[in-house]
Amino acid sequence: MNCIDYRRLITSEPSHIGADAMRHRMACRACADFTRETQQLDSHLRDAMMVETPADLEARVMLAATGQSRRRGRRVALAASVVVVFAAAFTVFNSYSPERLPRHVIKHLYHEAALLVPSETELVPRKRLVQVLERTGVRLTQDIDHVVHAGICYFRGHLVSHLVVNSEQGPVTVLLLPDEQVSKTMPIDEDGFLGLIVPVKGGSIAVIGSGATYPRPVEQKFIEAVEWST
């Protein structure tokens, strides 16, 4: 089992990965780290949905809601609800912080590992490309050549365009992220991937390849060719 197969498995079936995957994780430090971070993220999300409240909270609220304390009980119940909502929101927000964006981009690449070496050889028609971009709030202002895949993915709570472009450096993945604001360019150099997350007006663009250098030409082309419509 290689790293790509392992990471696809751990993100789709984390509880039933099998012996081969276990042996790979024990032998591969990078995949062991990836597994730990994935499990931590899952744990944060579970915690956000299962914020613990005092065992007698319901009884207290009901008691307070009767008789002379009825008005106060409603305030207590409302306050408890607000605490739960804010706790959940804080946990999710922390998991989706900009600092974790490069890690989530890499994780998404493994989740869509079949697209790292796309089997499609035909170019995506311009009409199809425009439709995909528009569904995620992106407008095409210039033609983009050599696009061999254009799809829509769910990424960090939002729909994003996931494109693959054939370049001189091989296949390059491009994620158009209208809901991800970064203050400066964020480099990606992990597991043999080299890429950049660049800020643009209205969002950011992640450009990742597996060549020896950063895919700057593809990055520059997309900066010039797309803009956010929302």
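Start by selecting V174, L176, I205, F222 and V226 in this predicted model. Within the largest nonpolar core, which has 25 residues, these five touch the most other members. Next, select helix α7, residues 126-135: this helix supplies four residues, the largest share of this core. In soluble globular proteins, nonpolar side chains tend to be buried together.

Stay with V226 and show its surroundings. Leaving aside residues up to four places away in sequence, V226 touches L133, V138, R139, L140, T141, I144, L176 and I205. C153 has a relative accessible area of 9%, so C153 counts as buried, the cut-off being under 20%.

Now go to helix α3, residues 29-49, and select T35. Is T35 buried or exposed? T35 is buried, at 2% relative accessible area. Residues up to four places away in sequence not counted, T35 touches Y6, I10 and R25. Look also for a polar atom of the T35 side chain that lies 2.7 Å from the backbone oxygen of C31.

Select C31 next. C31 is buried too, with a relative accessibility of 0%. How many disulfides does a search of the whole structure find? The search finds zero. For C31, the nearest cysteine sulfur belongs to C28, 3.6 Å away. A disulfide requires the two sulfur atoms to be within 2.5 Å, so C31 is in no disulfide.

Terms used. Residues are numbered from 1 along each chain as its sequence is written. This is a predicted model: local features need pLDDT of at least 70, side-chain atom pairs count only at pLDDT 80 or more; totals for chains, interfaces and linings use all residues. Side-chain values use heavy atoms; hydrogens and water are left out. Helices (H or I, at least four residues) and strands (E, at least two) are DSSP runs, numbered from the N terminus. Buried means under 20% relative accessible area, exposed over 50%, partly exposed in between (1.4 Å probe, protein chains only). A polar contact is a pair of N or O atoms within 3.5 Å; within protein, one must be able to donate a hydrogen and the other to accept it, and residues adjacent in sequence count only if both atoms are side-chain atoms. Contact means heavy atoms within 4.5 Å. A nonpolar core is a set of buried Ala, Val, Leu, Ile, Met, Phe, Trp, Tyr and Cys residues joined through side-chain atoms within 4.5 Å.
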